[in-house]
Each structure stands twice: as C-alpha cells, then as structure tokens.
Amino acid sequence: PSGRSPALHELSEKLQTSAVVLYNDAAPILLPDTGSQAVAPSAGVSDIAAIQGTVFLCSLWLPIAVLLAAHILNRHMHDLRLYRMSLPADERIVSDWLRRHRTIRQTDIRKSEFVKSPTYGLIHPVILLPSEIELNPEELLCILEHEWTHIRRWDILVKYLLYLTICIYWFHPLVWMMAPLLNRDIELACDEEAIRHVSDHF
C-alpha cells in the first residue's frame, strides 16, 4: 500500500529474502521408493516357488532311492545267508592254486549248490564253486583265474559303487544303460585274462 512507511517496506523485503534462503538451504525430504517395494514381493514369490519345487523333487527322489537301496541290500544279505551254508573245497588242485595265489587279503574257496561261481567279500574274498557240476582241471582253473581277476582288480568294490550310483541317479536313463555295459566289460576283461593264464599253464 501507498501509505506504508519506507522502514516497514524495507523490513518486509528482508523477511521475504530470508525465507527464500531458508527454503533453498533446507535438506531434501527423502520419500520411500515405491518402485523397489513393488518389485520385492515378486522376488519373494519366485524364491518360494523355487523352494517348493526343490522340496517336491526331493520328496519324489528320496523314496525311490531308498527303495532301490533296500532292494539291493536285501538281495545281498539273502545271498550272504546262502553263502554261509557253503562247504570248503578240499580238492588238491584247489589247494595248489591257493598256494600260488597268495595276497595280503586271505582268499577262501568254497562250494555251494545255490550259486554258480560268484565272488564276494572285500576284506576276505571268497570264491564259490558250483557243487553240483563236475569240472575238469582246465575248467576249474579257468573259473578260479576268472574270479581271481575280480579279486585282484577290486571289481566287487566297483560293483558296489555302481549300485550306489544307480540309487542316487536312478532318474537318469544313461545310468541304466551304463550298468549292464560296465558289467559286461568287467566280465569280458576277466575272461580274457583267465584264458591267457590258463593257456600259459597248460
């Protein structure tokens, strides 16, 4: 207004200038980031879905793996019970063969009517001969050399590891394809070495 005194007018201009300075120097007010809050729930949902998927796969894998392991163990224990019913092989050719094939691990040769020439045992291997079949010396030596090769190469341990692999990776088709091929290669390798040893002997 025109009636305002010069002193009052000057005071009013100073107050306005001070207000502008205070406004410019004021610290900015930080508002919450609504965008990051909107992303967080979706990330949490994906994590939960991943955990649920893992739990589902484990609940599907574990029972089958346990059933396979139980089946293999049950069959192994059944065979061991039959093997304990075997009788020592006391033929002279067997005794002579054992004297020529001594190792740190004591190997026994027994006879049983329930099996056809398997080998079992890691620490104390046992070779089981079929008791109901009459073998000539050459056939007997072929069987003994074949089973001796299994013992010397720790093939029993390899087969145990194969069973463990089947239990863990039962869902993979290549494992089921590998198992019979590996068994076949092991047997062929033992046959080849047994034939070579017997040929040298005779």
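Lys 111 is partly exposed, at a relative accessible area of 26%. Before going on, the ground rules: this is a predicted model, in which local features need pLDDT of at least 70 and side-chain atom pairs count only at pLDDT 80 or more, while totals for chains, interfaces and linings use all residues. Residues are numbered from 1 along each chain as its sequence is written, and side-chain values use heavy atoms, with hydrogens and water left out. On accessibility, buried means under 20% relative accessible area, exposed means over 50%, and partly exposed is in between, with a 1.4 Å probe and protein chains only.

What does Lys 111 form a salt bridge with? The partner is Glu 91, and the closest N and O atoms are 2.3 Å apart. A salt bridge here is a side-chain nitrogen of Lys or Arg within 4 Å of a carboxyl oxygen of Asp or Glu. Lys 111 sits in strand β2 (residues 108-112) and Glu 91 in the loop between β1 (87-88) and α3 (92-100), so the pair ties together parts 20 residues apart in sequence. Helices (H or I, at least four residues) and strands (E, at least two) are DSSP runs, numbered from the N terminus. Glu 91 is partly exposed as well, at 27% relative accessibility.

There are eight salt bridges in the structure. Another one joins the side chains of Lys 159 and Glu 187, at 3.4 Å from N to O. Here Lys 159 belongs to helix α5 (residues 155-168) and Glu 187 to helix α6 (residues 173-201), so this pair ties together parts that are 28 residues apart in sequence. Lys 159 is partly exposed at 23%, and Glu 187 is partly exposed at 27%.

Arg 184 and Asp 185 also meet in a salt bridge, 3.4 Å from N to O. Arg 184 is partly exposed at 48%, and Asp 185 is partly exposed at 41%. Shared partners also join Arg 152, Arg 153, Glu 193 and Arg 196 into one network of salt bridges.

Next, helix α4. Its 16 residues (137-152) should span 22 Å at 1.5 Å a residue, and the end C-alpha atoms are 22 Å apart, which agrees; the expected span is 1.5 Å times one less than the number of residues. The buried residues of α4 include Leu 140, Ile 143, Trp 148 and Ile 151. Just after α4, Trp 154 has a positive phi of about 60°.

Now the spaces. On a 1 Å grid over the protein atoms alone, a cavity is a set of points where a 1.4 Å probe fits but cannot get out; a pocket is an open set with protein on both sides within 12 Å along at least five of seven lines; lining residues have an atom within 4 Å of a point. Grid points are joined across faces, edges and corners, and a volume is the space filled by probe spheres set on the points.

The largest cavity has a volume of about 30 Å³. Among the residues lining this cavity are Arg 105, His 150, Ile 151 and Trp 154.

The largest pocket holds about 600 Å³. Of its 21 lining residues, the closest to the centre are His 76, Thr 119, Lys 159, Tyr 160 and Tyr 163. Which helix gives the most to the lining of the largest pocket? That is α2, with seven residues.
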